[in-house]
Structure formats: C-alpha cells, structure tokens
Amino acid sequence: MNINGSFLKIGIFEINNIISLIKTLPQDIWNISTSRQITYNEHGETESIFITNLKDDWCGGNYNLDNIDTTLYAELYEATVKIIRELENIFNGKVGKSFYVKLPAGNTVKPHVDLSKYLQGVHRCHIPIITNEEVLLDRKSTRLNSSHGY
C-alpha cells in the first residue's frame with residue numbers, strides 16, 4: 001500500500017466495547033509498564049497499557065513479540081486483537097506495537113520526532129478512544145484534530 005501525505009483515514013473502528021472496558025480499569029493497570037515513560041522523556045506524563053510490543057531496534061527479519069502478561073486486562077486484549085487483525089488485513093502485514101496511551105488532564109506530550117529504526121519503517125495508526133477537540137496530532141506540516149477517527 002502506497003500512502004502519500006501525512007495522514008490517511010483508513011476506516012472507522014468499532015470501539016464502544018473498548019471505551020467501556022477502559023473506563024472500568026483500575027488505575028494500577030495503567031502503571032504496570034513504565035518503560036515508555038522512562039525511556040522517552042517526551043512521554044513522561046503519559047500512562048500506557050501494552051497489548052503487543054516489538055523491540056524498537058527491529059528492522060526486518062524475525063517477528064518476535066515481547067511476552068506481555070495481559071491477564072489483568074484480558075477482555076481489553078481480546079477486543080483490541082480484533083482491531084489488530086483488521087489492520088493486518090488492511091496493510092497486508094503484522095502489527096508489532098499496539099498499546100493504549102492515557103494522557104491525564106493538564107499533562108502534555110512534548111513535541112518530538114520519533115527516531116527509532118522500527119518507527120521509521122512502518123505504518124503508524126492512531127485510533128482515538130477517549131479524546132477531546134483540543135488534542136492535536138502534528139506530522140510534518142499537517143495538524144489534525146485527533147477526534148476525527150483517524
């Protein structure tokens with residue numbers, strides 16, 4: 001698939017079940033993995049729940065995902081895998097990294113450029129789950145309100 005431009009709308013995903021599940025998760029689930037916040041200063045004010053993770057230095061070859069214990073959020077994992085399979089079909093490939101990011105009110109993600117080899121060679125999909133009109137995504141010279149369902 002040849003993708004031109006900074007953003008491409010690839011579809012609208014059914015996320016109502018995911019919204020319900022996320023709203024019922026205890027806060028400690030969001031703090032199980034802090035590696036992203038520790039490793040990347042610009043993400044220090046976020047919280048994450050990992051579904052799948054491929055190492056940042058991956059640049060082709062073996063597709064070995066990290067072992068992530070998802071038993072504490074098994075329903076969320078199963079609901080997410082449905083979207084992962086849809087994306088794999090759309091792009092005729094594999095999803096290496098999938099995770100939920102929560103940015104508590106009043107916090108920010110500092111402007112940055114992702115430089116890892118992995119992120120330079122893949123399609124990246126952001127699917128807003130719970131957001132507001134003030135949240136913006138920037139890519140090159142394009143700014144997008146993330147509530148648009150991209």
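Modeller: Ser-98 counts as buried, at 10% relative accessibility. The model is predicted, so local features need pLDDT of at least 70 and side-chain atom pairs 80 or more, while totals for chains, interfaces and linings use all residues. Residues are numbered from 1 along each chain as its sequence is written, and side-chain values use heavy atoms, without hydrogens or water.

Colleague: What makes Ser-98 buried?

Modeller: Buried means under 20% relative accessible area, exposed over 50%, and partly exposed in between (1.4 Å probe, protein chains only). Ser-98 has 10%, so the residue counts as buried.

Colleague: Which residues is Ser-98 in contact with, leaving aside its neighbours within four places in sequence?

Modeller: Contact means heavy atoms within 4.5 Å. On that basis the partners are Phe-50, Ile-51, Thr-52 and Ile-84.

Colleague: Why is the pair of Phe-50 and Phe-99 called tilted?

Modeller: Rings of Phe, Tyr and Trp (its six-membered ring) pair if their centres lie within 6.5 Å; planes under 30 degrees apart count as stacked, over 60 as edge-to-face and the rest as tilted. The structure holds one aromatic pair. Its centres are 5.0 Å apart and its planes at 35°, so the pair is tilted.

Colleague: How do you know whether Phe-99 is buried or partly exposed?

Modeller: Phe-99 has 31% relative accessibility, so this residue counts as partly exposed. Phe-50, at 10%, is buried.
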